[in-house]
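This briefing goes through side-chain contacts in one protein chain.

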Amino acid sequence: EVQLVESGGGLVQPGGSLRLSCTASETTSRTYYMGWFRQAPGKEREGIAILWAGVGNTYYADSVKGRFTISQDDAKNTVYLQMNSLKPEDTAMYYCAGEFVSPVKTRDQALSARGYHSWGQGTQVTVSS
């Protein structure tokens, strides 16, 4: 089973930036899906940024489009989430997820938590003054 390890969460003021990292213990195929979900207290887990590695497609939730950017260092099996212009409503536990053997996903499927079997432990992001 592929292990995912996240880092980079913390406390930031509104308008600030953070970068999250997620490293996979291995990648078992040339193309795979890997990215970020978040869950605030009392809310469902939301897909926010997914990368279709090996193809280069990216998928973003409307709530983060234009502010967050997902990128990859393939040599390090690592994906990053650069978060800019952070808002208090971005406060949540952020989870890295990966699906390393997968049929092609639509955008909605890529952003759905149901399609992922590998998960990180989560890292807290708090946006507050």
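A residue is called buried when its relative accessible area is under 20%, and exposed when it is over 50%. Tyr 116 has 4% relative accessibility, so Tyr 116 counts as buried. The model is predicted. A count of aromatic pairs gives 5, and a search of the whole structure finds 7 salt bridges.

**Aromatic pairs**

- Tyr 32 and Phe 100 have ring centres 5.2 Å apart and planes at 35°, so this pair is tilted.
- Tyr 32 counts as buried because its relative accessibility is 2%, and Phe 100 is buried at 4%.
- Phe 37 and Tyr 116 form an edge-to-face pair, because their planes stand at 70°, with the ring centres 5.3 Å apart.
- This pair also links distant parts of the chain: Phe 37 is in strand β4 and Tyr 116 is in the loop between α1 and β10 (118-119), 79 residues apart.
- Phe 37 is buried, at 0% relative accessibility.
- Phe 37, Tyr 116 and Trp 119 are joined into a cluster by ring pairs.

**Charges over rings**

- Lys 105 lies over the face of Tyr 116, 4.8 Å from the ring centre.
- The charged end of Arg 45 sits over the ring of Tyr 95, at 3.8 Å from its centre.

**Salt bridges**

- Side chains of opposite charge can pair when their charged atoms come close.
- Arg 38 and Glu 46 form a salt bridge, with 2.9 Å between the closest N and O atoms.
- Arg 38 is buried, with a relative accessible area of 7%, whereas Glu 46 is partly exposed at 28%.
- Arg 107 and Asp 62 form a salt bridge in which the closest N and O atoms are 3.7 Å apart.
- Arg 107 is in helix α1 and Asp 62 is in the loop between β6 (57-60) and β7 (68-73), so the bridge links distant parts of the chain, 45 residues apart.
- Asp 62 counts as exposed at 61% relative accessibility, and Arg 107 as partly exposed at 34%.
- Lys 76 and Asp 73 meet in a salt bridge, with 3.9 Å from N to O.
- Lys 76 is exposed at 52% relative accessibility, while Asp 73 is partly exposed at 22%.
- Salt bridges with shared partners join Arg 38, Glu 46, Arg 67 and Asp 90 into one network.

Notes: Residues are numbered from 1 along each chain as its sequence is written. This is a predicted model: local features need pLDDT of at least 70, side-chain atom pairs count only at pLDDT 80 or more; totals for chains, interfaces and linings use all residues. Side-chain values use heavy atoms; hydrogens and water are left out. Rings of Phe, Tyr and Trp (its six-membered ring) pair if their centres lie within 6.5 Å; planes under 30 degrees apart count as stacked, over 60 as edge-to-face and the rest as tilted. Buried means under 20% relative accessible area, exposed over 50%, partly exposed in between (1.4 Å probe, protein chains only). Helices (H or I, at least four residues) and strands (E, at least two) are DSSP runs, numbered from the N terminus. A charge sits over a ring if NZ of Lys or CZ of Arg is within 6 Å of the ring centre and within 35 degrees of the ring normal. A salt bridge is a side-chain nitrogen of Lys or Arg within 4 Å of a carboxyl oxygen of Asp or Glu.
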